Amino acid sequence: MDVKPPSSALFDVYLRLRPSNSIDRDRFLDVEHLDPAYAPTHITIRPPANDNRKRAIEKFAFTRVFEEHAGQRELFEQCGAVNLLEGVLGAKGREGRDGLLATLGVTGSGKSHTILGSRSHRGVLQLTLDLLFQHTGPRLVDIDTSLTAFQSLCAADVAESQLLPAAAFLDSLYADNGAPSRGATPAPRGATPARGATPGLVCKSPTPNLCIPGAFPTSVEPSSKGEEKGRSGAVFDRLYPSLAKYQSRLSRIPLCPPKHNTLQPRNSYAMLTSHQDTSFLSAPISRRNAPRMSNLPTYPPIDDILVNVDNTAEYALVVSMYEVHNDRIFDLLSSPSSFPGRTQQQKPRRALLFKSTEQSPDRKVVAGLRKVVCSDLEEALLVLETGLQERRTAGTGSNASSSRSHGFFCIEVKKRHRSSLPGPWSSSTLTIVDLAGSERARTAKTAGATLAEAGKINESLMYLGQCMQMQSDNATATTPNLVPYRQCKLTELLFSNSFAHHTQGGSQATTKAPQKAIMIVTADPLGDFNATSQILRYSALAREVTVPRIPSVTSTIISGGVAGVKGSYSPGSGRTTPSALTEELEAALAEIARLRGELEITQFKLEEETHRRLATEVSWKVAESRIEEVEAEVREEVWGEMEEQMALEQRRWRAARDEEEEAREEHLDKKVEILARGIEVWEEGEGDKENVGGGVGDDERVLELADENVKLRERLAMAEREKEGMRSPSKKMRVLKTRKWEGSGMGLEN
C-alpha cells in the first residue's frame with residue numbers, strides 16, 4: 001500500500017492504535033479505508049451504546065493512521081522520522097534543521113512503548129540513535145585523541161552547558177560506590193514492569209504463528225532461526241563491540257573544562273560486569289556497575305535504511321536529557337554520585353532556565369545542562385539508561401509505571417567542513433519527547449504529591465492542545481492567529497523553535513530555519529472513550545461531526561410515519577389494512593395542528609410582550625422628562641431662597657455699618673466737647689490774670705491748670721485706645737440684633 005507524502009506543515013500528526021485484550025468493552029474507534037492505494041488517514045469514533053449524553057459521531061483526519069498490526073520499524077519508516085533525521089544532518093554544504101518528535105496520549109496507551117520500546121523490541125529513540133551512528137560513525141570527530149576538537153566543541157556551545165566526553169561521564173558514575181538514584185519516586189522503576197511494557201500491552205495475537213518485528217509485545221516471541229538470527233547477530237556485533245577499546249582510550253581523554261561549570265573525571269574507568277542481571281528500562285541498576293549491554297534489545301534491524309549524509313563534513317554527536325516536572329526543568333544527567341550519603345528525598349535538584357544567553361540572544365535554550373559527547377552507539381545507550389533512571393515515575397491505578405514528568409532526549413548534531421583548517425561548528429538538534437499521559441484522578445486513584453503532579457500534567461497538556469488546535473486552524477485561515485505557546489514550560493519548549501526568529505532589532509529574520517515537528521498520538525480503541533476522544537479532538541488535523549444523535553421533532557414525525565409504512569408490510573406490526581395508514585396520517589396531521597396552535601399562541605405572546613415593551617419604553621421616556629422638570633423646579637426654588645438670604649445678609653451688614661458710623665461720630669463729638677471745655681478754662685485763666693495784674697498766685701494757678709489739662713488729655717487718649725481695643729464684630733452683631741430699623745435696607749433711603 002502506497003503512503004501519501006507528509007504535508008508541508010510544521011506539525012505532522014500521526015495516530016497509532018495499540019492492541020488491547022479488553023473483552024468487556026466495545027470498540028468505539030473505527031479506521032476508514034477511503035482509498036486502497038494509500039494508507040488510511042481518517043477514523044470515526046462512535047459513543048458507547050450506554051452513553052446517556054447522546055453525543056454525536058465524530059470523524060477525525062490525521063497525516064496517517066497506524067493500525068494495531070503496525071510494528072516499530074514500519075512506524076519508524078513511515079512516520080517521517082528518517083526524513084526528519086536527514087533534515088537534522090543537513091544537505092551538502094548546508095546547516096541542518098532542528099527536528100522534534102513527540103508522543104501524546106492518555107496514560108497506558110503505548111506512548112513509552114513507541115518511544116523507548118520494550119525488552120524485546122527497540123523504540124523510535126533507539127532506532128534513531130542506531131541509524132545516526134551507523135551513517136555518521138566514519139565521519140565522527142575523534143575527541144579522544146584530538147584536544148582541539150573537544151575544546152572547539154566547548155567553545156561552540158551556546159547554552160552555558162557542562163560538556164563532557166562519554167568516557168569521563170560514565171566513569172564518574174559507575175567507577176566507584178555511589179548512592180541510589182535521586183530521581184525515583186515512591187514506586188521505583190525496578191519494582192514495576194518494564195518501562196515500555198505498559199500493563200495490558202501484551203496481547204494474544206490473532207495469528208499465533210505470525211509475529212511482526214517491532215510490533216507491540218505479544219505472547220509469541222520472534223523466531224531466532226535462519227536469516228532472522230543472522231541479522232540479529234550482525235546488529236549485536238555492531239552495537240556492542242569489545243570493551244577493550246572503551247577501557248584503553250580513557251587515559252587519552254582530553255580534559256577541557258566547560259565555560260561555566262567544571263567536573264573533574266576520576267582516574268579510573270567504567271567496569272562493565274557480565275554477572276549483573278538487569279535489562280534496558282526494567283530492573284534498577286547498581287551505581288557501582290554499568291548495566292549489561294547484552295540485555296538491551298536489538299530488534300528490529302535497520303541495516304537496509306539509507307540516509308543521505310554530507311561526505312565533505314565531519315560530525316560530533318552531543319547527548320543531553322532533561323524533564324519537565326511540575327512546570328520546572330530538571331537535568332537528568334546530573335551525577336547522583338555528587339551527593340553521597342543522602343537519601344532520595346534529601347538530594348537537591350536545581351531547576352534550569354529556558355532563556356536567551358549571551359551567545360544565543362535571539363533563540364532560547366535550556367541553560368546549564370550537562371551534555372555528553374558520544375563516540376558510538378554503546379555510549380549513547382548507556383547515557384540514555386542513566387538518564388531514564390533519574391526520571392520521575394510512580395505507580396497509579398491506571399498504570400503501574402506512570403511517568404510523572406515530560407521527558408526530553410536531545411541529540412545535538414555538530415557539523416563542520418572537513419579540511420586541514422576546519423571551519424566553525426554549526427548545530428542542529430533532534431529532540432525526542434516522551435510526554436506524560438493525561439489521567440483522571442478518579443480512575444488513577446492519585447492523592448497527595450502524585451495528585452498535584454497529575455494536575456500539572458493535565459494543565460500542560462491542555463495548553464498543548466490549545467496550541468495544536470490553533471496551529472490546525474491557522475493551516476486553513478487567511479490571517480493566521482498567534483499561537484499562545486508561552487503559557488507553560490512544555491509548550492514553550494515544543495513550539496518556540498517552530499516559528500521564524502528575529503534579531504534583537506526585529507527587522508531581519510535569522511538564517512536558522514524553523515524546526516520540523518512530528519506528533520505521534522497513541523490511542524486504545526477499547527479504552528476510555530472520554531479521555532481518548534478529548535485527546536483526538538485537539539490533536540487531529542481536522543474534525544467533522546457526521547451524524548447528529550439528537551433528532552428534531554419534525555424528523556421524528558417523518559421517521560415515525562416511514563416506520564409505520566414499512567411496518568404495515570411486516571407480520572409483527574399488526575397493521576395490514578389501509579385504515580392503519582389513515583390513522584397514522586391523521587395522527588401526524590393532528591400533531592402538526594397541535595404544533596401550529598402552539599406556534600400561534602407563541603406568536604400572540606410575542607406580540608403582547610412587544611406591546612408591553614413599547615409601553616414600558618414610553619413610560620420610561622415620560623419619567624425621564626418629568627425628572628427633568630422636577631429638577632428645574634428644585635433649582636428655581638433653591639435659587640429664590642438663596643437670593644432672600646443674600647438680601648437679608650446685606651441689610652444686616654448695612655445696619656452694622658450705620659451703627660459704627662454713629663458711634664464714631666458720637667465719639668468725635670465728645671472729644672470736641674472736652675476740647676472746648678479746656679479752651680474755656682484757659683480763657684478764664686487769662687482773664688483773671690489780666691484783671692488781677694499778674695500776681696504770683698495766679699502763675700501757680702496757671703501751672704496747675706496746665707498740668708491738669710495734660711493729664712486729662714492722657715486719660716482721654718487712654719480711654720480712646722481702650723474703646724478701640726474692646727470693639728469687635730461680635731459686639732457689633734449683638735448691637736445689630738437688638739437694634740430695630742425701618743426700611744427695606746436696599747440702600748435706597750437716605
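This is a predicted model: local features need pLDDT of at least 70, side-chain atom pairs count only at pLDDT 80 or more; totals for chains, interfaces and linings use all residues.
Reader: Are the residues of strand S1 buried or exposed?

Author: A residue counts as buried when its relative accessible area is under 20%. Seven of the seven residues of S1, which spans residues 11-17, are buried, so the strand is largely enclosed by the rest of the structure.

Reader: Which strands pair with S1?

Author: One partner is S17 (residues 516-523), which runs parallel to S1 and is joined to it over seven bridges. Within that pairing, aspartate 12 stands opposite isoleucine 518. Another partner is S5 (residues 64-66), also in the parallel sense, over three bridges. Here leucine 15 stands opposite valine 65.

Reader: What does the side chain of threonine 114 make a polar contact with?

Author: Its partner is the side chain of arginine 16, at 3.1 Å. Arginine 16 is one of the buried residues of S1. Threonine 114 belongs to helix H3, residues 111-116, and has a relative accessible area of 0%, so threonine 114 is buried. Leaving aside neighbours within four places in sequence, the contacts of threonine 114 include Gln72, Leu75, Ile520 and Thr522.

Reader: Now for the rings. How many aromatic pairs does the structure hold?

Author: The structure holds three. To read a pair, look at the distance between ring centres and the angle between planes; under 30 degrees counts as stacked, over 60 as edge-to-face and the rest as tilted. The rings of tyrosine 14 and phenylalanine 66 have centres 6.1 Å apart and planes at 40 degrees, so this pair is tilted. The pair links distant parts of the chain, with tyrosine 14 in S1 and phenylalanine 66 in S5, 52 residues apart. Both tyrosine 14 and phenylalanine 66 are buried.

Reader: Why is the pair of tyrosine 322 and phenylalanine 408 described by another word?

Author: The angle decides. Their planes lie at 10 degrees, with ring centres 5.0 Å apart, so the pair is stacked. Tyrosine 322 sits in S8 and phenylalanine 408 in S15, so the pair ties together parts 86 residues apart in sequence. Tyrosine 322 and phenylalanine 408 are both buried.

Reader: Which residue lies over the face of phenylalanine 330?

Author: That is arginine 349, at 4.4 Å from the ring centre.

Reader: And what is arginine 416 doing in S15?

Author: Let's stay with its surroundings. Arginine 416 is in strand S15, residues 406-417, and is buried because its relative accessible area is 10%. The side chains of arginine 416 and glutamate 314 are joined by a polar contact of 2.6 Å. Beyond neighbours within four places in sequence, arginine 416 is in contact with residues including Val141, Ala149, Ser152 and Trp425.

Reader: Last topic, the backbone. Which residues have a positive phi although they are not glycine?

Author: Look at asparagine 326, with phi near 55 degrees, and aspartate 327, with phi near 60 degrees. Asparagine 326 is partly exposed at 30% relative accessibility, and aspartate 327 is partly exposed at 32%.

Reader: Where is there a cis peptide bond?

Author: Look between tyrosine 299 and proline 300, where omega is about 0 degrees. Proline 300 belongs to the loop between helix H8 (243-248) and strand S8 (313-325).

How values were computed
Residues are numbered from 1 along each chain as its sequence is written. Side-chain values use heavy atoms; hydrogens and water are left out. Buried means under 20% relative accessible area, exposed over 50%, partly exposed in between (1.4 Å probe, protein chains only). Helices (H or I, at least four residues) and strands (E, at least two) are DSSP runs, numbered from the N terminus. Two strands pair if DSSP finds at least two bridges between them. A polar contact is a pair of N or O atoms within 3.5 Å; within protein, one must be able to donate a hydrogen and the other to accept it, and residues adjacent in sequence count only if both atoms are side-chain atoms. Contact means heavy atoms within 4.5 Å. Rings of Phe, Tyr and Trp (its six-membered ring) pair if their centres lie within 6.5 Å; planes under 30 degrees apart count as stacked, over 60 as edge-to-face and the rest as tilted. A charge sits over a ring if NZ of Lys or CZ of Arg is within 6 Å of the ring centre and within 35 degrees of the ring normal.
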